[in-house]
Amino acid sequence: MIIVMNLDAGEAAIEAVIRKIRDHGLDVNVSRGTERVVIGAIGDERKLTEEAFSTMTGVEQAIHVLKPYKIVAREWHPADSTLSVRGIPIGGNAVQVISGPCSVETQPQMDLAAEGVAAAGCRLMRGGAFKPRTSPYTFQGKGIEGLQLFRNAADKLGLPIVTELMDVRMLDTFLEYDVDVIQIGTRNMQNFDLLKAVGSVNKPVILKRGMSATISEWLMAAEYIAAGGNHDIIFCERGIRTFETAYRNVLDVTAIPVLKKETHLPVIVDPSHAGGKAWLVPSLARAAIAAGADGLLVEMHPNPCEAWCDADQALTPQELSALMDSLAAVAKAIGRTLDRGKAPRAVASNQPMAESISPK
Ligand code: PEP
Ligand code: MN
(Lines give C-alpha, C1' and ligand atoms only; values in the text may rest on other atoms or scores of the structure.)
(Ligands and ions follow the chains in the order given, each with its own letter.)
Protein backbone atom coordinates (compact mmCIF):
# COMPACT_ATOMS: atom_id res chain seq x y z
CA MET A 1 0.00 0.00 0.00
CA ILE A 2 1.13 3.51 -0.75
CA ILE A 3 0.16 6.37 1.56
CA VAL A 4 0.42 9.85 0.06
CA MET A 5 0.71 12.60 2.69
CA ASN A 6 -0.79 16.09 2.39
CA LEU A 7 1.48 18.94 1.28
CA ASP A 8 1.42 20.37 4.80
CA ALA A 9 1.64 17.10 6.74
CA GLY A 10 3.91 17.47 9.75
CA GLU A 11 6.45 15.02 11.15
CA ALA A 12 4.02 13.87 13.85
CA ALA A 13 1.49 12.78 11.20
CA ILE A 14 4.20 11.00 9.20
CA GLU A 15 5.42 9.21 12.33
CA ALA A 16 1.87 8.13 13.21
CA VAL A 17 1.43 6.51 9.79
CA ILE A 18 4.78 4.74 10.07
CA ARG A 19 3.86 3.43 13.53
CA LYS A 20 0.51 2.11 12.32
CA ILE A 21 2.12 0.23 9.43
CA ARG A 22 4.72 -1.32 11.75
CA ASP A 23 2.01 -2.24 14.26
CA HIS A 24 0.49 -4.39 11.50
CA GLY A 25 3.81 -6.18 11.08
CA LEU A 26 4.82 -4.58 7.78
CA ASP A 27 8.01 -2.73 6.86
CA VAL A 28 8.08 0.91 5.81
CA ASN A 29 9.74 2.81 3.03
CA VAL A 30 9.58 6.62 3.30
CA SER A 31 10.16 8.63 0.18
CA ARG A 32 10.63 12.36 0.77
CA GLY A 33 10.05 14.38 -2.40
CA THR A 34 10.46 18.11 -2.81
CA GLU A 35 6.77 18.70 -2.09
CA ARG A 36 5.38 15.68 -0.32
CA VAL A 37 6.15 12.53 1.52
CA VAL A 38 5.00 9.16 0.18
CA ILE A 39 5.08 6.17 2.52
CA GLY A 40 5.17 2.62 1.23
CA ALA A 41 4.00 -0.33 3.33
CA ILE A 42 6.06 -3.40 2.47
CA GLY A 43 4.70 -6.89 3.14
CA ASP A 44 1.26 -8.47 2.88
CA GLU A 45 -0.77 -5.33 2.36
CA ARG A 46 -4.07 -7.26 2.38
CA LYS A 47 -3.93 -6.90 6.15
CA LEU A 48 -4.35 -3.14 5.73
CA THR A 49 -7.48 -1.28 4.68
CA GLU A 50 -7.29 1.98 2.78
CA GLU A 51 -9.75 3.60 5.21
CA ALA A 52 -7.49 2.85 8.18
CA PHE A 53 -4.97 5.30 6.70
CA SER A 54 -7.01 7.71 4.57
CA THR A 55 -8.85 8.86 7.72
CA MET A 56 -5.60 9.75 9.57
CA THR A 57 -4.42 13.32 10.06
CA GLY A 58 -2.14 14.51 7.26
CA VAL A 59 -3.01 11.68 4.85
CA GLU A 60 -4.26 12.61 1.39
CA GLN A 61 -4.75 9.14 -0.05
CA ALA A 62 -4.04 5.48 0.70
CA ILE A 63 -3.89 3.15 -2.30
CA HIS A 64 -3.55 -0.62 -2.47
CA VAL A 65 -0.89 -1.69 -4.94
CA LEU A 66 -1.79 -5.37 -5.16
CA LYS A 67 -5.11 -6.92 -6.12
CA PRO A 68 -7.21 -7.69 -3.04
CA TYR A 69 -7.62 -11.28 -4.24
CA LYS A 70 -4.63 -13.57 -4.22
CA ILE A 71 -5.30 -17.29 -4.72
CA VAL A 72 -7.61 -16.76 -7.67
CA ALA A 73 -5.45 -14.03 -9.25
CA ARG A 74 -3.39 -14.65 -12.33
CA GLU A 75 -0.69 -12.34 -10.96
CA TRP A 76 0.10 -15.09 -8.43
CA HIS A 77 -0.48 -18.04 -10.77
CA PRO A 78 0.24 -17.08 -14.39
CA ALA A 79 -0.60 -20.46 -16.00
CA ASP A 80 -4.21 -21.46 -16.74
CA SER A 81 -5.63 -23.89 -14.20
CA THR A 82 -7.46 -26.97 -15.44
CA LEU A 83 -9.86 -28.78 -13.15
CA SER A 84 -10.91 -32.38 -13.47
CA VAL A 85 -14.43 -33.60 -12.82
CA ARG A 86 -14.29 -37.39 -12.77
CA GLY A 87 -11.52 -37.20 -15.36
CA ILE A 88 -13.28 -34.62 -17.56
CA PRO A 89 -11.11 -31.53 -17.98
CA ILE A 90 -12.58 -28.08 -17.38
CA GLY A 91 -10.31 -25.38 -18.76
CA GLY A 92 -7.25 -25.86 -20.92
CA ASN A 93 -7.84 -26.57 -24.59
CA ALA A 94 -11.13 -28.39 -24.17
CA VAL A 95 -14.48 -26.63 -24.32
CA GLN A 96 -17.14 -28.33 -22.19
CA VAL A 97 -20.89 -27.94 -22.47
CA ILE A 98 -22.90 -28.79 -19.36
CA SER A 99 -26.56 -29.27 -20.17
CA GLY A 100 -29.83 -30.39 -18.67
CA PRO A 101 -33.11 -29.02 -17.44
CA CYS A 102 -33.58 -25.99 -15.24
CA SER A 103 -35.17 -28.18 -12.59
CA VAL A 104 -35.41 -31.83 -11.71
CA GLU A 105 -39.06 -32.80 -12.16
CA THR A 106 -39.70 -36.53 -12.56
CA GLN A 107 -37.69 -39.68 -13.24
CA PRO A 108 -38.92 -39.98 -16.85
CA GLN A 109 -38.12 -36.29 -17.46
CA MET A 110 -34.60 -36.72 -16.04
CA ASP A 111 -34.03 -39.98 -17.92
CA LEU A 112 -34.99 -38.38 -21.23
CA ALA A 113 -32.95 -35.28 -20.41
CA ALA A 114 -29.88 -37.40 -19.62
CA GLU A 115 -30.30 -39.22 -22.92
CA GLY A 116 -30.49 -35.89 -24.74
CA VAL A 117 -27.39 -34.60 -22.96
CA ALA A 118 -25.39 -37.72 -23.80
CA ALA A 119 -26.71 -37.90 -27.36
CA ALA A 120 -25.58 -34.33 -28.03
CA GLY A 121 -22.12 -35.27 -26.75
CA CYS A 122 -22.19 -33.12 -23.61
CA ARG A 123 -20.11 -34.70 -20.87
CA LEU A 124 -21.73 -33.21 -17.77
CA MET A 125 -25.36 -32.73 -16.77
CA ARG A 126 -27.09 -29.90 -14.93
CA GLY A 127 -30.42 -29.82 -13.09
CA GLY A 128 -31.75 -27.97 -10.06
CA ALA A 129 -33.20 -29.91 -7.15
CA PHE A 130 -33.39 -26.76 -5.00
CA LYS A 131 -34.70 -23.79 -6.97
CA PRO A 132 -34.26 -20.13 -6.03
CA ARG A 133 -37.59 -18.79 -7.33
CA THR A 134 -38.67 -15.16 -7.29
CA SER A 135 -42.13 -16.14 -6.01
CA PRO A 136 -42.58 -18.36 -2.95
CA TYR A 137 -45.77 -19.74 -4.58
CA THR A 138 -44.03 -21.29 -7.60
CA PHE A 139 -42.35 -24.70 -7.76
CA GLN A 140 -39.41 -24.67 -5.35
CA GLY A 141 -37.68 -27.81 -6.55
CA LYS A 142 -37.97 -31.46 -5.61
CA GLY A 143 -35.37 -31.12 -2.89
CA ILE A 144 -33.58 -34.22 -1.68
CA GLU A 145 -35.84 -36.47 -3.75
CA GLY A 146 -34.66 -34.49 -6.76
CA LEU A 147 -31.02 -35.33 -6.00
CA GLN A 148 -31.95 -39.03 -6.11
CA LEU A 149 -33.87 -38.67 -9.39
CA PHE A 150 -30.91 -36.77 -10.85
CA ARG A 151 -28.38 -39.36 -9.65
CA ASN A 152 -30.48 -42.23 -11.04
CA ALA A 153 -30.73 -40.63 -14.48
CA ALA A 154 -27.15 -39.42 -14.73
CA ASP A 155 -25.59 -42.62 -13.39
CA LYS A 156 -27.18 -44.69 -16.15
CA LEU A 157 -25.14 -42.68 -18.65
CA GLY A 158 -22.07 -41.98 -16.52
CA LEU A 159 -22.68 -38.21 -16.50
CA PRO A 160 -21.27 -36.17 -13.61
CA ILE A 161 -23.95 -33.96 -12.05
CA VAL A 162 -24.00 -30.21 -11.47
CA THR A 163 -26.63 -28.83 -9.11
CA GLU A 164 -27.26 -25.71 -7.08
CA LEU A 165 -26.67 -25.47 -3.33
CA MET A 166 -28.74 -22.72 -1.70
CA ASP A 167 -28.46 -23.57 1.97
CA VAL A 168 -25.39 -24.48 4.04
CA ARG A 169 -27.53 -27.03 5.90
CA MET A 170 -27.82 -29.11 2.70
CA LEU A 171 -24.08 -29.40 2.11
CA ASP A 172 -23.73 -32.77 3.86
CA THR A 173 -26.65 -34.11 1.84
CA PHE A 174 -24.94 -32.93 -1.35
CA LEU A 175 -21.84 -34.85 -0.29
CA GLU A 176 -23.93 -37.95 0.53
CA TYR A 177 -25.39 -37.87 -2.98
CA ASP A 178 -21.89 -37.29 -4.27
CA VAL A 179 -22.86 -34.21 -6.28
CA ASP A 180 -19.93 -33.80 -8.68
CA VAL A 181 -20.00 -30.01 -9.07
CA ILE A 182 -21.71 -27.65 -6.64
CA GLN A 183 -23.31 -24.62 -8.24
CA ILE A 184 -23.63 -21.35 -6.34
CA GLY A 185 -26.34 -19.30 -8.02
CA THR A 186 -26.42 -15.63 -8.86
CA ARG A 187 -28.53 -14.81 -5.80
CA ASN A 188 -25.98 -16.35 -3.47
CA MET A 189 -22.75 -15.05 -4.97
CA GLN A 190 -22.16 -12.97 -1.86
CA ASN A 191 -23.64 -15.38 0.68
CA PHE A 192 -20.32 -15.49 2.49
CA ASP A 193 -21.24 -18.30 4.88
CA LEU A 194 -22.22 -20.47 1.92
CA LEU A 195 -18.97 -19.57 0.14
CA LYS A 196 -16.93 -20.46 3.22
CA ALA A 197 -18.78 -23.76 3.52
CA VAL A 198 -18.08 -24.85 -0.06
CA GLY A 199 -14.53 -23.60 0.42
CA SER A 200 -14.01 -26.32 2.97
CA VAL A 201 -15.04 -29.29 0.80
CA ASN A 202 -13.25 -31.18 -1.89
CA LYS A 203 -15.74 -30.60 -4.72
CA PRO A 204 -15.48 -28.28 -7.72
CA VAL A 205 -17.71 -25.22 -7.43
CA ILE A 206 -19.36 -23.23 -10.22
CA LEU A 207 -19.64 -19.67 -8.95
CA LYS A 208 -22.23 -17.75 -10.91
CA ARG A 209 -21.87 -13.99 -11.17
CA GLY A 210 -24.26 -12.00 -9.02
CA MET A 211 -26.75 -10.33 -11.36
CA SER A 212 -25.50 -6.91 -10.24
CA ALA A 213 -22.00 -7.82 -9.15
CA THR A 214 -18.87 -6.15 -10.43
CA ILE A 215 -16.04 -8.34 -11.66
CA SER A 216 -14.01 -7.35 -8.63
CA GLU A 217 -16.79 -8.43 -6.23
CA TRP A 218 -17.08 -11.70 -8.13
CA LEU A 219 -13.35 -12.36 -7.84
CA MET A 220 -13.50 -11.59 -4.12
CA ALA A 221 -16.40 -14.03 -3.74
CA ALA A 222 -14.24 -16.70 -5.40
CA GLU A 223 -11.40 -15.77 -3.07
CA TYR A 224 -13.68 -16.62 -0.14
CA ILE A 225 -14.02 -20.17 -1.50
CA ALA A 226 -10.32 -20.44 -2.30
CA ALA A 227 -9.27 -19.09 1.11
CA GLY A 228 -10.99 -22.09 2.71
CA GLY A 229 -8.72 -24.44 0.77
CA ASN A 230 -10.93 -25.34 -2.20
CA HIS A 231 -9.25 -23.99 -5.33
CA ASP A 232 -11.45 -25.88 -7.81
CA ILE A 233 -13.58 -22.93 -8.83
CA ILE A 234 -15.26 -22.27 -12.16
CA PHE A 235 -16.60 -18.78 -12.86
CA CYS A 236 -19.92 -18.61 -14.70
CA GLU A 237 -21.13 -15.42 -16.40
CA ARG A 238 -24.94 -15.61 -16.61
CA GLY A 239 -25.97 -12.12 -17.63
CA ILE A 240 -26.28 -8.95 -15.62
CA ARG A 241 -29.11 -6.50 -14.86
CA THR A 242 -29.15 -3.35 -16.95
CA PHE A 243 -31.76 -0.84 -18.12
CA GLU A 244 -32.61 -3.13 -21.05
CA THR A 245 -35.89 -5.04 -20.79
CA ALA A 246 -36.04 -6.69 -24.22
CA TYR A 247 -34.36 -9.81 -22.86
CA ARG A 248 -33.89 -11.39 -19.45
CA ASN A 249 -30.34 -10.17 -18.74
CA VAL A 250 -27.43 -8.75 -20.70
CA LEU A 251 -24.76 -11.33 -21.42
CA ASP A 252 -21.55 -9.56 -20.47
CA VAL A 253 -19.27 -10.96 -23.16
CA THR A 254 -16.60 -8.44 -22.17
CA ALA A 255 -16.36 -10.12 -18.79
CA ILE A 256 -14.91 -13.25 -20.43
CA PRO A 257 -11.54 -11.82 -21.61
CA VAL A 258 -11.37 -9.53 -18.58
CA LEU A 259 -11.82 -12.47 -16.22
CA LYS A 260 -9.37 -14.61 -18.19
CA LYS A 261 -6.83 -11.81 -17.68
CA GLU A 262 -7.54 -11.49 -13.95
CA THR A 263 -7.78 -15.15 -13.00
CA HIS A 264 -6.15 -18.44 -13.95
CA LEU A 265 -9.37 -20.34 -13.21
CA PRO A 266 -11.82 -21.58 -15.88
CA VAL A 267 -14.63 -19.31 -17.04
CA ILE A 268 -17.89 -20.64 -18.45
CA VAL A 269 -21.04 -18.90 -19.67
CA ASP A 270 -24.74 -19.57 -19.15
CA PRO A 271 -26.45 -18.24 -22.28
CA SER A 272 -29.85 -19.55 -21.12
CA HIS A 273 -30.32 -17.32 -18.08
CA ALA A 274 -28.68 -14.45 -19.96
CA GLY A 275 -31.04 -14.40 -22.94
CA GLY A 276 -34.06 -16.01 -21.30
CA LYS A 277 -35.33 -17.21 -24.69
CA ALA A 278 -34.40 -20.47 -26.41
CA TRP A 279 -33.98 -18.75 -29.77
CA LEU A 280 -31.30 -16.46 -28.32
CA VAL A 281 -29.25 -19.27 -26.80
CA PRO A 282 -27.29 -20.39 -29.92
CA SER A 283 -26.08 -16.88 -30.78
CA LEU A 284 -25.03 -16.13 -27.22
CA ALA A 285 -23.40 -19.55 -26.84
CA ARG A 286 -21.32 -19.08 -29.98
CA ALA A 287 -20.34 -15.56 -28.93
CA ALA A 288 -19.18 -16.88 -25.56
CA ILE A 289 -16.96 -19.56 -27.05
CA ALA A 290 -15.58 -17.13 -29.64
CA ALA A 291 -14.72 -14.73 -26.79
CA GLY A 292 -12.71 -17.41 -25.00
CA ALA A 293 -15.10 -19.11 -22.57
CA ASP A 294 -13.99 -22.56 -21.42
CA GLY A 295 -17.49 -23.92 -21.60
CA LEU A 296 -21.21 -23.37 -21.30
CA LEU A 297 -24.10 -24.17 -19.01
CA VAL A 298 -27.14 -24.65 -21.25
CA GLU A 299 -30.71 -25.46 -20.27
CA MET A 300 -32.32 -28.27 -22.23
CA HIS A 301 -35.62 -30.03 -21.55
CA PRO A 302 -37.04 -33.13 -23.25
CA ASN A 303 -40.26 -31.21 -23.76
CA PRO A 304 -39.65 -27.47 -23.18
CA CYS A 305 -43.27 -26.34 -23.34
CA GLU A 306 -44.02 -28.61 -20.37
CA ALA A 307 -41.03 -27.51 -18.26
CA TRP A 308 -41.90 -26.59 -14.68
CA CYS A 309 -39.34 -23.82 -14.62
CA ASP A 310 -37.78 -21.56 -17.30
CA ALA A 311 -39.73 -23.19 -20.17
CA ASP A 312 -39.03 -20.21 -22.47
CA GLN A 313 -35.30 -20.69 -22.50
CA ALA A 314 -34.97 -24.47 -22.70
CA LEU A 315 -33.61 -26.01 -25.89
CA THR A 316 -34.99 -29.32 -27.15
CA PRO A 317 -32.53 -32.25 -27.29
CA GLN A 318 -32.42 -31.81 -31.05
CA GLU A 319 -31.61 -28.10 -30.74
CA LEU A 320 -28.85 -28.93 -28.26
CA SER A 321 -27.29 -31.38 -30.71
CA ALA A 322 -27.44 -28.82 -33.51
CA LEU A 323 -25.89 -26.22 -31.22
CA MET A 324 -23.06 -28.60 -30.36
CA ASP A 325 -22.29 -29.01 -34.08
CA SER A 326 -21.98 -25.27 -34.56
CA LEU A 327 -19.97 -24.84 -31.36
CA ALA A 328 -17.48 -27.44 -32.56
CA ALA A 329 -16.81 -25.24 -35.58
CA VAL A 330 -16.41 -22.08 -33.47
CA ALA A 331 -14.06 -23.83 -31.05
CA LYS A 332 -11.99 -25.14 -33.96
CA ALA A 333 -11.75 -21.67 -35.48
CA ILE A 334 -10.03 -20.39 -32.34
CA GLY A 335 -7.75 -23.41 -31.99
CA ARG A 336 -9.75 -25.21 -29.31
CA THR A 337 -11.69 -28.44 -29.23
CA LEU A 338 -15.29 -28.98 -28.22
CA ASP A 339 -15.20 -32.05 -25.99
CA ARG A 340 -17.93 -34.44 -27.12
CA GLY A 341 -16.52 -37.50 -25.42
CA LYS A 342 -17.29 -40.50 -27.55
CA ALA A 343 -18.82 -39.94 -30.97
CA PRO A 344 -22.31 -38.46 -30.56
CA ARG A 345 -25.13 -40.97 -30.73
CA ALA A 346 -28.40 -40.50 -32.57
CA VAL A 347 -30.48 -37.76 -30.96
CA ALA A 348 -32.99 -39.08 -28.44
CA SER A 349 -36.52 -39.06 -29.78
CA ASN A 350 -38.78 -36.41 -28.35
CA GLN A 351 -41.35 -38.94 -27.18
CA PRO A 352 -43.95 -37.77 -24.68
CA MET A 353 -43.21 -38.61 -21.08
CA ALA A 354 -45.27 -41.37 -19.53
CA GLU A 355 -45.81 -39.63 -16.19
CA SER A 356 -47.83 -36.45 -15.71
CA ILE A 357 -45.45 -33.54 -15.81
CA SER A 358 -47.50 -30.84 -14.17
CA PRO A 359 -46.00 -29.37 -11.00
CA LYS A 360 -46.96 -31.24 -7.87
C1 PEP B 1 -29.82 -22.01 -12.58
O2 PEP B 1 -28.79 -22.17 -13.24
O3 PEP B 1 -30.62 -22.91 -12.38
C4 PEP B 1 -30.10 -20.68 -12.01
C5 PEP B 1 -31.08 -20.50 -11.10
O6 PEP B 1 -29.33 -19.72 -12.49
P7 PEP B 1 -28.97 -18.27 -11.90
O8 PEP B 1 -28.49 -18.48 -10.49
O9 PEP B 1 -27.92 -17.79 -12.84
O10 PEP B 1 -30.24 -17.46 -11.98
MN1 MN C 1 -33.30 -21.91 -15.01
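Guide: What follows is a walk through the salt bridges of this chain, with a look at one helix at the end. Please keep in mind that this is a predicted model, in which 22 salt bridges are found.

Let us begin with R123 and D339, whose side chains meet at 3.0 Å from N to O. R123 lies in the loop between helix 3 and strand 8, while D339 belongs to the segment after strand 15, so this pair ties together parts that are 216 residues apart in sequence.

A second salt bridge joins K208 and D270, with a distance of 2.6 Å from N to O. K208 sits in strand 11 and D270 in the loop between strand 13 and helix 9, so the bridge connects parts that are 62 residues apart in sequence. Here K208 and D270 are both buried.

D310 is found in the loop between strand 14 and helix 11, and R248 in the loop between strand 12 and helix 8; R248, at 36% relative accessibility, is partly exposed.

Finally, R86, R151, D155 and D180 are linked in a network of salt bridges. One of these residues, R151, is among the buried residues of helix 4, and the buried residues of that helix pack against helix 3, strand 8, strand 9 and helix 5.

Terms used: Residues are numbered from 1 along each chain as its sequence is written. Chains are lettered from A and ligands numbered from 1 in the order in which they are written. This is a predicted model: local features need pLDDT of at least 70, side-chain atom pairs count only at pLDDT 80 or more; totals for chains, interfaces and linings use all residues. Side-chain values use heavy atoms; hydrogens and water are left out. Buried means under 20% relative accessible area, exposed over 50%, partly exposed in between (1.4 Å probe, protein chains only). Helices (H or I, at least four residues) and strands (E, at least two) are DSSP runs, numbered from the N terminus. Contact means heavy atoms within 4.5 Å. A salt bridge is a side-chain nitrogen of Lys or Arg within 4 Å of a carboxyl oxygen of Asp or Glu.
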